[in-house]
Amino acid sequence: MLIAADKFKGSLTAAQVAERVTAGLHRVAPHVEVESLPVADGGDGTVDAAVAAGFERREVRVAGPLGDEVSAAYALRGDTAVVEMAEASGLQRLPGGVFAPLSSSTYGSGELLRAALDAGARTIVFGVGGSATTDGGAGMLSALGARFLDADGDPVAPGGGSLGDVETADLTGLDDRLSTVDLVLASDVDNPLTGPEGAPAVYGPQKGARPDDVAVLDAALAHFASVLEKAIGPKAAEYAAAPGAGAAGGIGYGALVLGARFRPGIEVMLDVLGFGPALERATLVITGEGSLDEQTLHGKAPAGVAAAARARGKEVVAVCGRLALAPEALGRAGIRRAYPLTEAEPDLARCVAEAGPILERVAENIGRDFLT
């Protein structure tokens, strides 16, 4: 039995989900062997999943989205690092939770990458998602040695709203170590940088951007890419249109400029966490996340786990807080059955507040259905 579930956002970490499911299964089948491998898709919770899989947690002080110092973590095992941009530049890092769509910066994410380089990382999995920022990765690039100057030769202000003022992009000071590192951009979205499907239009409103802010940010990012084209050539335009460029407010674009290769986040994390060998040992796989819905089917962790398991002929069931997918959609995703907390407790507020004990009861039902 393998538990490979993501977090229940706002209620349980991925590791806690595994603990609660294990406890429920053991009430019904005390002797069943259960292996847990908490997973993540590159967004918030990615470092926690890596630590649960045996990576060492490293804490560093970096700049938050508005420049205030925060404590952020990355994970390291051997010469492989897992860096989560949300640790430095995520929505949860905004002071007082107040949105700042035009001025928030990814500078701290660049500092996290630099810390991983300082620790000797040769492969860096850069998980992006949950960002407070829409700066195209300009802050991150600045932290790594790039300079973005206005018409007077002064550094432009932080944040995506200021990128329209960039006249010169100087990348000659980028950290030399970046050229020898395998940088993997891990994301569950494949949006381009700008346009109707770009970072400002699709994700800006989630970060407090009003329609006029979205227009400013989209124009600023397009301008930023055109200035970078003068510095690095036509590749700048190719990167802007590439899948993943619009991830996490366009930090995906900055990562591509650094030479990153884009891969779906869950695929990367399953490789890094050692999912393949664990899957071979499993007879049944339990995956899940807080909400199983249409988004789940587009690169989220449960869909990735189910696809990999189905390819190996393994049966998969899922646990979740709420279920918004029909049985047919679950079946197409490779999930035989889903067990939502709302089946055991119809009150949604109680499901959130008491997710742990309710999940144990749900896991007992899985045990009865599959282990007895």
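Is Asp213 buried or exposed? At 7% relative accessibility, Asp213 counts as buried, because buried means under 20% relative accessible area. The model is a predicted one.

**Asp213**

- Asp213 is placed in helix H7, which covers residues 211-232.
- Leaving aside residues up to four places away in sequence, Asp213 touches Pro101, Leu102 and Gly208.

- Strands of a sheet pair through backbone hydrogen bonds, in either a parallel or an antiparallel sense.
- E3 and E4 run antiparallel and are joined by eight bridges; in this pair, Ala63 has Glu69 of E4 as its bridge partner.
- E3 and E4 form a hairpin with five residues between them, and Gly67 in the turn has a positive phi of about 95°.
- E4 and E5 are also paired in the antiparallel sense, over four bridges; here Leu76 has Ala81 of E5 as its bridge partner.
- The hairpin of E4 and E5 has two residues between the strands, and Gly78 takes a positive phi near 65°.
- Strand E6 (residues 123-127) and E9 run parallel, joined by five bridges.
- Val125 stands opposite Val184, which is in E9.

**Helices on the sheet**

- H4 has 12 residues and reaches 17 Å from its first C-alpha to its last, close to the 16 Å expected at 1.5 Å a residue.
- Nine of the 12 residues of H4 are buried, so H4 is largely enclosed by the rest of the structure.
- The buried residues of H4 are Gly108, Ser109, Gly110, Glu111, Leu112, Leu113, Ala115, Ala116 and Leu117.
- Gly120 follows H4 and has a positive phi, near 95°.

**Helix H1**

- Helix H1 (residues 14-28) has 15 residues and should span 21 Å at 1.5 Å a residue; its end C-alpha atoms are 22 Å apart, which agrees.
- Buried in H1 are Ala14, Val17, Ala18, Val21, Thr22, Gly24 and Leu25.
- Seen down the axis of H1, these buried residues fall within an arc of 165°, so they line one face of the helix.
- An α-helix has 3.6 residues a turn, so residues three or four places apart point the same way.
- The cover over the buried residues of H1 includes strand E1 (2-3), strand E2 (35-36), E11, strand E12 (315-323) and helix H16 (355-370).

**Salt bridges**

- Side chains of opposite charge can pair when their charged atoms come close.
- Glu56 and Arg58 meet through their side chains in a salt bridge of 2.8 Å, N to O.
- Glu56 is partly exposed, with a relative accessible area of 40%, and Arg58 is partly exposed as well, at 28%.
- Lys300 forms a salt bridge with Asp188, with the closest N and O atoms 2.8 Å apart.
- Lys300 lies in the loop between strand E11 (284-292) and helix H12 (301-311), and Asp188 in the loop between strand E9 (182-187) and helix H6 (199-203), so the pair ties together parts that are 112 residues apart in sequence.
- Lys300 counts as partly exposed, at 21% relative accessibility.
- Glu345 and Arg350 form a salt bridge whose closest N and O atoms are 3.5 Å apart.
- Glu345 is buried at 12% relative accessibility, whereas Arg350 is partly exposed at 39%.

Key
Residues numbered from 1 in each chain as written. Predicted model: local features only at pLDDT ≥ 70, side-chain atom pairs only at ≥ 80, totals over all residues. Heavy atoms only, no water. Buried < 20%, exposed > 50% of the residue type's maximum accessible area, 1.4 Å probe, protein only. Contact = heavy atoms within 4.5 Å. Salt bridge = Lys/Arg side-chain N within 4 Å of Asp/Glu carboxyl O. Pairing = 2+ DSSP bridges. Expected span 1.5 Å × (residues − 1). Arc of directions from axis to C-beta.
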